[in-house]
Amino acid sequence: MNIAFHGAARTVTGSKHLITLKNGTRILLDCGLFQGMGHVTDKLNDYFGFDAKKVTYLVLSHAHIDHCGLLPKLIAEGFEGKIFCTPATMDLARILMMDSAKIQMQDAEYANRHLRNGEEMEEALYTEEDVIKTLSLMKIVEYEEDFEIEQEIRLKFTDAGHILGSAAVHLTITEEGKPTRITFSGDVGRYGDLLLKSPQQFDQADYILMESTYGDSLHKDLDPIEDLLLEIINNTCKVKKGKVIIPAFAVGRTQELLYALNGLELKGKLPDVPYYVDSPLSSKATEILKNHPEVYNNGVKETLKIDHDVFGFKGLRFIESVEESKALNEDPRPSVIISASGMAEAGRVKHHIRNNISNQKNTILMVGYCEPNSLGGRLIAGQKVVEIFRDEYDVKAEVQLIKSMSAHGDYEDLLQFLSCQDPAKVKQLFLVHGEYEVQQHFATRLKDNGFKHVAIPEYHQVFEFGVTIFF
Ligand SMILES: [Zn+2]
């Protein structure tokens with residue numbers, strides 16, 4: 001049996017890990033889209049590195065596009081097996097993949113309308129029809145259900161606390177009478193998330209694929225999120241009479257922001273300005289979260305006792321149409337605009353940033369992880385001039401960052417996630433879903449915690465199970 005790392009290898013997007021059994025059965029863990037790396041991204045998304053037709057099963061850890069965003073392409077290229085995921089992941093994956101298909105078609109159209117001499121036409125990776133086919137292959141597995149995929153392959157999901165429906169994947173594969181337990185962390189959330197429960201403990205594994213996005217940082221802010229938001233909104237909207245533009249993932253960060261703003265209202269502190277969620281996808285995701293109250297942590301359950309709508313408050317409007325979205329640009333009044341995508345690479349927020357970035361009255365507030373080459377990443381890095389839709393803009397608006405709003409745990413969270421394991425019994429730990437430098441630091445930290453065999457696989461690299469790699 002072997003495993004090949006076809007994405008999220010020394011990088012944070014494109015999650016795709018292929019386990020091949022001796023009998024030829026192939027299990028693909030995630031089938032994510034590469035994002036935020038400019039023109040390189042297109043090339044990476046074009047070629048899987050394996051034959052889609054030969055994949056037997058797919059296990060999906062969660063619905064973020066960098067984990068499920070190439071599923072429709074896998075199906076378009078001939079995959080016909082089942083896709084296993086949690087119920088909430090299925091709900092979310094439906095809207096996120098549909099949105100992804102739409103964004104890709106719109107971006108391709110936009111690029112083709114603005115072609116410059118000698119440039120080739122762009123094509124969308126897949127269509128909404130491919131997404132519909134994908135949905136028909138999805139099969140629900142509940143958290144903690146001991147599910148038999150086939151006689152020698154068992155699957156269990158545990159809550160990873162990262163987004164609604166997110167799971168760590170535990171496979172027990174028996175070959176020649178010998179079981180091998182493989183855990184894939186998926187993306188790991190924080191202990192003490194504003195909305196979600198903390199990641200669950202899990203049984204001892206032989207092999208672990210561990211995400212490492214924040215393997216070298218701690219992101220506890222000194223002040224609570226509510227206080228940070230209050231200060232930024234007051235400074236921008238009340239003192240400077242500007243706008244706060246918040247690029248936020250449609251799932252997770254947007255609802256967390258709404259919950260925090262609602263918390264300010266409950267305390268009577270919410271600044272009296274218009275608040276907009278300008279992303280139809282974020283509106284849908286908010287509805288889905290409202291339909292899954294079972295995932296809320298105790299804090300949210302307590303708030304629900306005094307406020308039946310914990311994601312709604314005075315002054316909040318959900319924007320649907322493109323016309324309304326464009327109208328926000330012509331409205332000079334101070335306001336707060338929450339819009340997707342989180343890395344500011346696509347979606348309506350890119351337009352809002354373009355229209356507001358060169359005015360010092362405004363604030364661009366980043367609230368989650370950004371791939372360094374994405375627009376969000378370049379803003380966080382402090383670039384003074386950025387390219388948006390092929391034109392250059394001076395960055396005069398203030399760029400702020402609330403670190404603790406990441407959906408990913410920091411290294412203390414990641415170590416806590418692994419604390420249920422006896423490191424001596426883990427034969428190999430593979431670091432995935434992280435930047436290489438960060439992974440090297442995290443590997444050292446893991447070794448200090450008793451995990452002797454830590455590997456950092458390269459893109460397309462194959463490892464035989466049972467052969468220990470020393471780094
Ligand atoms: Zn994720």
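I began just after α7, where G268 takes a positive phi of about 75°. For the labels, helices (H or I, at least four residues) and strands (E, at least two) are DSSP runs numbered from the N terminus.

Ground rules before going on. This is a predicted model, in which local features need pLDDT of at least 70 and side-chain atom pairs count only at pLDDT 80 or more, while totals for chains, interfaces and linings use all residues. Residues are numbered from 1 along each chain as its sequence is written, and side-chain values use heavy atoms, with hydrogens and water left out.

**Entry: α7.** I checked the length of α7, residues 253-266. At 1.5 Å a residue its 14 residues should span 20 Å, and the end C-alpha atoms are 20 Å apart, which agrees. The expected span is 1.5 Å times one less than the number of residues. Then I looked at burial, where buried means under 20% relative accessible area, exposed over 50%, and partly exposed in between (1.4 Å probe, protein chains only). α7 is mostly covered, with 12 of its 14 residues buried. Among them are R253, Q255 and E256, along with L257, L258 and Y259.

Entry: UniProt, in an unreviewed entry, places "domain: Beta-Casp" at residues 254-379. I noted that UniProt positions are given in the numbering used here, that feature names are shortened, and that annotations may be inferred rather than shown by experiment. Over residues 254-379 I found 44% helix and 12% strand, with the end C-alpha atoms 19 Å apart.

**Entry: α14.** I ran the length check on α14, residues 436-448. Its 13 residues should span 18 Å at 1.5 Å a residue, and its end C-alpha atoms are 19 Å apart, which agrees. V438, Q439, F442, A443 and L446 are the buried ones I listed in α14. Seen down the axis of α14, its buried residues fall within an arc of 140°, so they line one face of the helix. The arc is that of the directions from the helix axis to the C-beta atoms.

What do the buried residues of α14 pack against? I get β11 (207-211), α13 (411-418), β20 (428-432) and β21 (454-455). Contact here means heavy atoms within 4.5 Å. Just after α14, G450 takes a positive phi of about 100°.

**Entry: S212 and H433.** I looked up S212 in the loop between β11 and α6 (225-239). S212 is buried, with a relative accessible area of 0%. Leaving aside neighbours within four places in sequence, its contacts include V438, Q439 and F442, which are also on my buried list for α14. H433 is another of the S212 contacts, and H433 lies in the loop between β20 and α14. Phi of H433 is near 55°, a positive value in a residue other than glycine. H433 is buried too, at a relative accessible area of 4%.

Entry: D30 has a positive phi of about 65° although it is not a glycine. I located D30 in the loop between β3 (26-29) and α1 (39-46). Is D30 buried or exposed? D30 counts as buried, at 0% relative accessibility. I also flagged the peptide bond from A340 to S341, which is cis with omega near 10°. S341 lies in the loop between β15 (335-339) and α11 (348-356).

**Entry: H460.** H460 sits in the loop between β21 and β22 (461-464). H460 is partly exposed, with a relative accessible area of 27%. Leaving aside its neighbours within four places in sequence, I see H460 in contact with F5, H6, Y47, F48 and G49. I also took the C-alpha distance from H460 to E142, which is 31 Å for a pair 318 residues apart in sequence.

**Entry: whole protein.** I count 14 helices and 22 strands in the protein. The radius of gyration is 22 Å, close to the 23 Å that the globule rule gives for 471 residues, so the protein is as compact as a globular protein of that length. That radius is taken over C-alpha atoms, and the globule rule is 2.2 Å times the number of residues to the power 0.38. Of the 471 residues, 58% count as buried.
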